[in-house]
Amino acid sequence: MSLFAIQDLKVRPDIVHEYPGPGVTPGATAIVIDNGSYHCRAGWASQEEPLLCFKNVLAKPRKDRNKKDAEAAAVPTVQIGNDIVNIEAVRFQLRTQFDRNVVTHLHVQEQILDYLFERMGVDADGSVPHPVLLTECVTNPNYSRMLMAELMFECYGIPGLSYGVDSLFSYGLNSGVGSGLVVSCGYHATHVIPILNGRMVPDKVRRINLGGFNMINFMFRLLQLKYPVHVNAITLSRSEAMIHSYCSFAYDYMEALKDWALLEYYDQNVTKIQLPYNQTVTAPVLTAEQRVEKRKELSRRLVEINSRKREEKHAQDKEMLASLEAADENLDDEENLNFVLQEFELKGVDDMRKTIVTLRDRIARTSQKMNAAQTVVQPVEEKPVLLQPPPNLTIDQWVVETRRKRDEILDKKQTRKQRRQDLAKRRTAAAQERMRIISQLAKKEKGNDDFGMRDEDWDVYKSISRDGDSDSEAENEKLLEYEEVLKQHDATYVEPSSAPGSNIAEFHQLHLGVEKIRVPEVLFQPSIIGIQEAGLAGTIDYVLKLFPQELRPELIANICLTGGCANIPGFRDRLHREMQAMLPFQSTFNLSLAANPTLDGWKGAARFATTEQFRESLLTRQTYDECGGEYFKEHVASNFYYPTPSSSLVVAAAAAGSEVIN
């Protein structure tokens, strides 16, 4: 069992790189763009790592009408990739150029390419004077490719363009150019691509409409259903981070489920994730001794305050007495006498002498009280008396009986608390019964309002009154008495926490148990999330059976695993077990995981962009003008080119089909 802090996605905005960079020749070095539906990676073919790696999304926040134009201008109107610091804040404003893994929204793609070329530092009079190697999905539609070529040539004025499939670039980087099988686990789709003699076999390729996106959504839904009180704290970004950090493929899913059903296994392997929370400050609940001590402290403070006031009043009386006695001794000084009478608001000499007598008596009494207070001996604190059981019970029997009575009182208090909560809700049975009784009382005739005249009316009042569910003072005193007995004589008694909510952190924890293997399992069992398609193992078996028996050993001898989902631990071992189950007895096969399943697509494309084959496969502006945007030159890592039939051929084929039907 482990406790981890929640991981929030933290990104840094991309900087504008220097142009031309190290090893970059203006007009000659190719720009390699791995245009994935999850991440976009871009860089120079002469470098080993991409310059940019960002989420392939765009956010256009809504304009705040309350802000002035000057303040609104400070915030960028469009945020792309790593400029989106808090992606959850703009989740509903996110836009992408993809439909699944096919580029369909070219207006979004154009803004992302503007961001990409700007951050790479390319600045050559409004154009991009470098050839571009761009990745695309397997069997990309001609129309999508045509719009992309139009955007590249017409908007950016590039000198040449070449297309390739990212998974085939990764295969070439890790496994060479021989025959084999590529398993590409992407964000929106998973492909099984057979390769013979270094080229893809397009009619045998199979696709599963499932990938990392489905795993993230499945984890998101599971946690929100499991913890409905934390729906706001459980976000897609956090679900994604949990999959990357804690999930793994089970070697044997059914056996793993049996293990997770055991409490001991669960306690040892569950992962606890602490959600952020605000600690509410509540007043501590004081015990009986603490309340007595607090009253004593308040009494001591009150005595000190009264003593201080008495001393101040005593000093004022002495000062006033001295002034009046001085004026009485010098009655001849009329000016001073009048001043004293006016200051102390006295009517005359007789009134002044009466005040002198009163002050002398008051000062004498105050002095006696002060002297008596100083000589008071502080009372000795009495030690708590050890409570003893009744004569007819032993201590053990007394403890058991006391615990039973205490539990009864706690049950009653909990029942009343639940009733108060039910009455506060509208549709509970208690609230509806209360409203029924009130409505019956309201139906009585106006002139016969005699409710309360009979003894049985008190029972009706108690059933509809909310105040009747409050805890009585006698019960609270009994509860304190029972707890004192248990505290003195029961060694197993645990005193209730003095600060309710001190364990509030435990109520803001997510427990990842069987979810750690259930979420990745959807790749092998899509039916878990309601997708009626074959899993990865079944699809591989189906693809192999499309080939003659003599060709299958060539394919299974070199199976390359690539794509972001291949990073999840246990993927290779799980697929190895599935392959052993589906292949004939003693079949030999080889599963190899790409060195970097996430970046090898870009690295393989960058290596290809430095070869002569890349320069031969470039689609120039002249060829684009002659053949159209859907045309491209094939190479070892590209799709196959199938021209779009002309409209006349389509009409003729439709007519031929109708004749056959007739």
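Gln 93 counts as buried because its relative accessibility is 17%, where buried denotes under 20% relative accessible area, exposed over 50% and partly exposed the range in between (1.4 Å probe, protein chains only). The model is predicted, so that local features require pLDDT of at least 70 and side-chain atom pairs count only at pLDDT 80 or more, whereas totals for chains, interfaces and linings use all residues. Residues are numbered from 1 along each chain as its sequence is written, and side-chain values use heavy atoms, with hydrogens and water left out.

Gln 93 is located in the loop between strand E6 (79-80) and strand E7 (94-95); helices (H or I, at least four residues) and strands (E, at least two) are DSSP runs numbered from the N terminus. When neighbours within four places in sequence are set aside, Gln 93 contacts Leu 58, Ala 59, Lys 60, Pro 61 and Arg 62, contact being defined as heavy atoms within 4.5 Å.

In total, the protein contains 23 helices and 20 strands. Of its 662 residues, 40% are buried. Among contacts between residues at least 6 apart in sequence, 73% join residues at least 24 apart.

Six strands form an open sheet in the order E4-E3-E2-E10-E11-E20, with mixed pairing; two strands pair if DSSP finds at least two bridges between them. Strand E4 (52-55) and strand E20 (619-620) are the edge strands, each pairing on one side only. Strand E11 (residues 160-165) and E20 run antiparallel and are joined by two bridges. Leu 161 stands opposite Leu 619 in E20. Helix H20 (residues 600-608) lies across strand E2 (31-35), strand E3 (39-44) and strand E10 (132-136), at about 150° to E2. For this angle, axes are lines fitted to C-alpha atoms, for helices over the stretch in contact, and angles run from 0 to 180 degrees between N-to-C directions.

The largest nonpolar core comprises 54 residues, of which Met 215, Leu 523, Leu 536, Ile 540 and Phe 571 touch the most other members. A nonpolar core is a set of buried Ala, Val, Leu, Ile, Met, Phe, Trp, Tyr and Cys residues joined through side-chain atoms within 4.5 Å. Helix H5 (residues 212-226) gives the most to this core, with seven residues. Beyond residues up to four places away in sequence, Met 215 touches Ile 243, Phe 249, Val 519, Pro 520, Val 522, Leu 523, Cys 565 and Ile 568. Another core, of 36 residues, lies apart from the largest one and includes Val 24, Leu 58, Val 128 and Phe 153.
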